[in-house]
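Take a walk through this model with the structure open beside you.

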Amino acid sequence: MQAFLRDVRPLWLLLAWLLLNLIQAAFTPLDPDETYYWMYAGDLAWGYFDHPPAVAVLVALGRDWLPGALGLRFGHVLASAATFATVYYLLDRPRGRDLWLMAGLLFAQPMLQVYGFIATPDGPLLLFTALYLLAYRRFMDDPSLARGAVWGLTMAGLMYSKYHGAIVILFSVLPNLGFLLRQPGAWLAALGGASLFLPHLYWQYAHDYPSFRYHLSGRDDPYRFSFTLQYVANQLLIFSPLLLYHYWKTFREDHGRDAFERACRWLVVGFLLFFLYTTSKGRTEAQWTAALALPLVYLTYRAARRFPDWWSGLLRLCLATGLLLVVARLLLMAPREWLPFEKPFDHAPWVEELSRRADGLPVIFENSYRLASLYEFYSGGQPAWTITDVDYRPNQYDLWGRDSSYHGDSVLIAGQKNWNWYATQPFRAQKSELLLRPVANYQVARLARLRTLEPLPEQLSVRDSLAITLSIQSPLPLELTADWPISLFAILIYPDDQRRYWPLEPLATDALPAGTERTLYSGPLALPEDAPAGEARLGFGLAYRGMPPLRRQSDWQEIRIVAAE
């Protein structure tokens with residue numbers, strides 16, 4: 001047995017990891033975000049609202065020729081195997097007990113286990129983080145132009161995977177910046193990587209920078225201490241709690257021996273501090289620091305080789321953590337009938353029931369791109385879409401235009417539980433409470449654009465009544481009094497994300513030919529009496545009966561609201 005453990009080949013371990021993830025990918029239900037990226041893969045582009053395109057490319061590798069969840073996840077399973085192979089080379093191709101130590105450290109990383117089969121942008125981010133670290137280390141050993149060119153390729157791969165790739169690059173080069181600035185190969189890497197990223201930047205420009213607008217300003221929330229507390233707790237969990245002592249000893253007792261190890265230490269500390277800072281602007285997701293699993297493995301492996309007395313205890317902790325993670329993975333695959341609790345991500349039953357109720361009609365979900373993509377995947381391609389109003393965040397569906405094909409048709413509306421309209425029927429989509437109602441002659445109102453014909457003042461009082469004229473123009477003909485009536489609303493959004501919206505009526509027209517600009521409203525604009533004083537943005541939007549107004553239908557005017565005297 002000891003001889004077998006000593007002589008096991010790295011390829012066997014890699015094939016075992018690949019097989020485990022292929023089985024897991026095939027039999028584990030899909031997270032809603034995965035089906036959202038499956039929608040990405042059906043329309044390949046240089047960018048998407050939420051993320052760069054690498055996740056869509058990986059999903060596309062198996063999307064159309066492998067069945068179900070396995071087809072969706074196949075590319076990410078391959079990426080995970082490639083990540084493990086890259087780490088093997090990063091650690092100088094260990095053999096014998098060193099190989100088992102490497103495998104144990106990788107096996108004990110929850111983020112590497114999760115993204116070994118789940119299809120999210122973190123899969124390609126982990127792969128290109130490993131490739132980046134390998135190329136960076138080789139460049140530091142020999143700063144040639146050829147190695148600089150390869151390093152630049154991995155920089156582009158990081159950026160095409162997730163915008164967090166920029167943070168990986170920043171904190172890893174900072175401790176060696178003086179040396180790198182003197183190397184032509186480093187300049188080639190930086191300029192080459194930036195050049196390869198230009199197609200994505202052009203896509204952002206052509207679509208008015210939706211990702212940058214959203215990530216830089218669309219996610220700010222008022223600070224709560226719970227954001228910071230949750231972030232710290234998440235970090236203690238996602239990097240294997242049983243290994244925290246050895247991480248601490250690595251940083252305390254094994255100071256970086258070369259420029260690359262210093263870079264890894266800076267990367268870990270800088271990344272953690274950066275996202276600690278972001279908790280001042282809102283909630284952080286646990287997986288945002290997933291890339292740190294790789295430099296942590298590298299540093300801990302190197303420290304364990306320098307302190308041989310660590311080896312047996314560290315490996316036992318790795319195996320214990322790995323086995324716990326495998327148990328959790330088995331529970332995800334177990335049939336729902338075997339579990340004493342509700343199966344996570346078990347969306348197929350509600351999709352089957354909703355598909356039966358829809359009876360072939362397109363299903364339009366209010367404020368849920370996740371449910372829309374889940375429905376389309378699990379129903380075998382039955383059409384679905386989402387309506388995005390001011391109470392929800394923008395998403396990729398707002399950039400696509402396929403819903404135009406439903407204009408004037410009969411559809412099934414799946415509204416949120418606060419949808420205020422008659423004759424709706426309750427429906428439960430796993431944990432989401434919805435209200436259903438069929439609508440004939442559905443009108444796609446989100447493409448209409450509204451504008452004020454007079455400039456608005458920079459300051460308003462809650463007792464002011466301002467005369468305004470609003471015009472409307474739409475690429476599709478609109479019937480505002482169709483089966484599901486459409487109203488006009490004024491909208492206030494405050495810096496702390498408070499919202500006020502109220503109807504403006506009566507409307508000057510109830511029908512609009514395609515491409516024609518007409519006056520929609522001419523009358524007073526009076527602020528609600530409960531509108532808080534302070535800075536705010538004022539805009540206008542159309543609203544379906546019983547729902548909040550739609551997003552992004554007019555320009556936003558910065559105004560100051562003063563209290564009535």
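The paragraphs below cover paired strands, a nonpolar patch and salt bridges.

This is a predicted model, in which local features need pLDDT of at least 70 and side-chain atom pairs count only at pLDDT 80 or more, while totals for chains, interfaces and linings use all residues. Residues are numbered from 1 along each chain as its sequence is written, and side-chain values use heavy atoms, with hydrogens and water left out.

Begin at strand E5, residues 432-439. Helices (H or I, at least four residues) and strands (E, at least two) are DSSP runs, numbered from the N terminus. Two strands count as paired if DSSP finds at least two bridges between them. E5 pairs with strand E3 (residues 411-416) in the antiparallel sense, over six bridges. Here Leu412 stands opposite Pro438 of E5. E5 also pairs with strand E4 (residues 425-429), again antiparallel, over five bridges. Arg428 has Glu433 in E5 as its bridge partner. The hairpin of E4 and E5 has two residues between the strands, and Gln430 takes a positive phi near 55 degrees there. In a regular strand, side chains alternate between the two faces of the sheet.

Leu170, Leu174, Leu177, Leu181, Trp187, Leu191 and Trp266 make a nonpolar patch of about 690 Å². Patch residues have over 30% relative accessible area and no salt bridge; like charges are joined within 9 Å, and nonpolar side chains (Val, Leu, Ile, Met, Phe, Trp, Tyr) within 5 Å. Areas come from the Shrake-Rupley method with a 1.4 Å probe, and for residues only the protein chains shown count as cover. Helix H11 (177-181) and helix H12 (184-196) each supply at least two residues of the patch. Leu177 is found in H11. Its relative accessible area is 36%, which is partly exposed; buried means under 20%, exposed over 50%, and partly exposed in between (1.4 Å probe, protein chains only).

How many salt bridges does a search of the whole structure find? The search finds 20. Each is a side-chain nitrogen of Lys or Arg within 4 Å of a carboxyl oxygen of Asp or Glu. Asp208 meets Arg213 at 3.2 Å, N to O. Asp208 is partly exposed, at 43%. Arg499 meets Asp497 at 2.7 Å. Arg560 and Glu535 form a salt bridge at 2.9 Å. Arg560 lies in strand E15 (residues 557-562) and Glu535 in strand E14 (residues 534-544), so the pair ties together parts 25 residues apart in sequence. Salt bridges that share partners also join Asp92, Arg137 and Arg302 into one network.
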